[in-house]
Amino acid sequence: MDLNAAVADIATQRTDCAVIPIFQGTRLSAPGQVADEAWGKRLSQVLRGGDISGKLGESLIIHTVGAAPAQRALLIGMGKAAELDDRRFRRAAAAAAGALAKLKCKSATSHLGAVAVKDRGLPWRVRCIAEAMLDAGYRFDQMKSKPEPCVSGPAKGVIAIDSRRELRAAQRAINEAKAVSAGRSLARDLGNLPGNVCTPSYLAEEARKLAGRSPKLKSRVLTESELGKLGMGSFLAVAQGSAEPPRLITIEYSGGDAERQPIVLVGKGVTFDSGGISIKPAGTMDEMKFDMCGAASVLGTLQALADLEALVNVVGIIAATENLPSGTAIKPGDIVTTMSGKTVEILNTDAEGRLILCDALTFAERFEPDVIIDIATLTGACMVALGQHPSGLFSNNDKLADALLRAGEDSGDRVWRLPIWEDYQESLNSNFADFANVGGRYGGAITAACFLARFATDYRWAHLDIAGTAWHSGTKKGATGRPVGLLTEFVLKHGAGRKRSRSKPARAT
Ligand code: BES
Ligand code: MN
Ligand code: ZN
């Protein structure tokens with residue numbers, strides 16, 4: 001969709017569809033009133049008809065058949081004006097975008113930005129509308145032999161603003177939305193692709209392709225033998241059961257001063273997780289093709305940052321492998337040596353994410369990170385704890401955790417913090433190795449994070465468990481592209497990063 005901000009008077013603006021907010025109690029919003037006056041009170045008449053009451057998320061399409069310069073009006077329920085907050089505005093914007101996407105119109109002008117949202121200014125509202133409009137056009141049909149013919153909404157979108165003074169900020173907000181939405185689409189595509197297409201090598205190829213998008217991006221792919229030389233015994237142990245070779249992918253975005261330490265994003269890229277010898281039940285095992293959504297979000301975020309030419313340094317690291325049972329697979333009771341030198345007793349081969357991430361976290365140290373964030377579909381337990389609305393957040397640094405919580409609120413891609421107290425660590429005790437890869441029955445998301453924390457001792461680190469947020473199940477089965485929105489927001493707000501200390505050895509890659 002070609003989307004722009006423009007000063008547009010609803011009374012006179014020609015468009016195939018004008019999107020107009022309506023408040024609960026059948027009250028017209030400001031643009032609604034202007035349109036009503038200009039269009040011979042037709043909106044009031046429609047509201048009196050009672051087909052829309054203004055409840056949050058309601059929508060009604062009316063055809064103006066010559067009575068207005070807008071061919072149609074799409075009325076959107078905003079709920080009560082006084083209750084309109086972030087979440088409710090997003091819901092309304094999504095309802096509007098969803099309804100628009102089903103219409104056969106070529107152009108649309110949204111006036112949703114005219115309403116007041118608690119603690120949020122115009123650029124935030126514009127960005128929110130833009131993201132909703134762009135995301136609504138997402139389709140995944142590349143695996144269908146004949147893509148179903150579908151209308152994907154207007155080709156040209158306008159987000160209306162009142163004054164020229166707001167134009168620059170509004171246009172900037174739209175550009176951010178475009179980058180984030182495109183990044184999210186990339187992450188969704190990679191997540192939705194089946195495991196027999198999206199393999200570790202495929203992810204490596206995607207990283208290479210992405211690097212071609214900007215001279216500030218550089219990718220590097222390490223193969224099995226190189227991982228061996230690095231001593232990544234834990235990562236390789238997971239990969240050894242599969243015929244698909246593993247890949248450790250790094251992709252560096254150098255948008256900032258070379259002196260500045262990078263933000264390192266580490267993604268879990270298990271392109272299919274059968275559980276290994278501790279095999280999963282068959283029921284929903286197909287969904288374990290989504291077990292690389294952390295990796296996908298790293299690529300999506302880097303794409304968004306590169307598109308925005310963000311003035312920061314960011315390194316993406318992706319540990320990509322399959323987790324399969326076979327004659328060469330790891331077995332419960334096996335002990336492996338991680339890149340850090342610590343030994344791990346593998347009590348459950350289905351707790352493979354932490355086994356690959358621990359080596360990636362150790363590897364990440366060589367980039368002299370300002371902060372490290374790992375993103376992983378790590379535990380079913382996280383979904384039990386938090387449901388499917390927020391991602392789980394764990395951190396060894398309160399400021400970093402707070403910044404991520406805020407970025408979650410601002411982007412609508414929310415996280416909620418869980419503890420990684422010492423108390424939980426003893427559940428990882430092992431009689432044979434330094435510690436085990438699983439804790440007890442309870443607090444599984446936390447004990448998984450506690451395992452990772454043992455490898456993230458030397459820098460500011462956060463872990464995002466996206467098991468509940470990375471994809472939808474059921475009839476709407478598909479990747480969400482989360483947390484690209486959160487990560488992009490976090491990086492943009494975080495800024496340049498600290499200066500590298502000269503006392504530390506120069507980094508070797
Ligand atoms: N990829 C899964 C986590 C997962 C499961 C995410 C279901 C979303 C839905 C992960 O590798 C895993 O299998 N974790 C185990 C850990 C357990 C063995 C300690 C789990 O959650 O059951
Ligand atoms: Mn698993
Ligand atoms: Zn997994």
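I looked up Pro-483 and found it in the loop between strand 20 and helix 14 (484-494). Helices (H or I, at least four residues) and strands (E, at least two) are DSSP runs, numbered from the N terminus. The model is predicted: local features need pLDDT of at least 70, side-chain atom pairs count only at pLDDT 80 or more, and totals for chains, interfaces and linings use all residues. Residues are numbered from 1 along each chain as its sequence is written, chains are lettered from A and ligands numbered from 1 in the order in which they are written, and side-chain values use heavy atoms, with hydrogens and water left out.

The peptide bond between Arg-482 and Pro-483 is cis, with omega at about 0°. I then turned to Lys-41, which is not a glycine but has a positive phi of about 60°. Lys-41 sits in the loop between helix 1 (30-38) and helix 2 (42-49). I noted both because most residues other than glycine have a negative phi, and most peptide bonds are trans.

**Entry: the largest pocket**

I wrote down the terms before the numbers. On a 1 Å grid over the protein atoms alone, a cavity is a set of points where a 1.4 Å probe fits but cannot get out; a pocket is an open set with protein on both sides within 12 Å along at least five of seven lines; lining residues have an atom within 4 Å of a point. Grid points are joined across faces, edges and corners, and a volume is the space filled by probe spheres set on the points.

The largest pocket has a volume of about 1,900 Å³. I found 42 residues in its lining, and Ala-94, Asp-135, His-472, Thr-480 and Arg-482 lie nearest its centre. Among the elements that give two or more residues to this lining are helix 4 (122-136), helix 5 (167-192) and helix 12 (398-411). Helix 3 gives the most, with nine residues.

I sorted the lining of the largest pocket by class: 17 charged, 13 polar and twelve nonpolar residues. Ala, Val, Leu, Ile, Met, Phe, Trp, Tyr, Cys and Pro count as nonpolar, Asp, Glu, Lys and Arg as charged, and the others, Gly among them, as polar.

Of its 27 lining residues, Lys-280, Asp-350, Leu-378, Thr-379 and Gly-380 are the closest to its centre. Strand 10 (263-273), helix 11 (380-386) and helix 13 (444-453) each supply at least two residues of the lining. Helix 11 gives the most, with three residues. By class I got ten nonpolar, nine polar and eight charged residues for this lining.

**Entry: ligand 1**

Next I looked up polar contacts, which are pairs of N or O atoms within 3.5 Å. A side-chain N or O atom of Asp-350 is 2.7 Å from an oxygen atom of ligand 1. Asp-273 has a polar side-chain atom 2.9 Å from an oxygen atom of ligand 1. From Leu-378, a backbone N or O atom lies 3.4 Å from a nitrogen atom of the ligand. On its own, ligand 1 has 510 Å² of accessible area, and the protein covers 78% of that. Accessible areas come from the Shrake-Rupley method with a 1.4 Å probe.

**Entry: cavities**

How many cavities of 30 Å³ or more does a search of the whole structure find? It finds two.

The largest cavity has a volume of about 50 Å³. Its lining includes Met-1, Ala-97, Leu-100, Met-133 and Pro-154. Helix 3 and helix 4 are the elements that give two or more residues to this lining. I counted seven nonpolar, three polar and no charged residues there.

The second largest cavity holds about 40 Å³ of space. Among its lining residues are Val-19, Ala-97, Leu-100, Ile-129 and Met-133. Helix 3 gives the most to this lining, with four residues. By class, the lining of the second largest cavity has nine nonpolar, one polar and no charged residues.

Notes:
A polar contact is a pair of N or O atoms within 3.5 Å; within protein, one must be able to donate a hydrogen and the other to accept it, and residues adjacent in sequence count only if both atoms are side-chain atoms.
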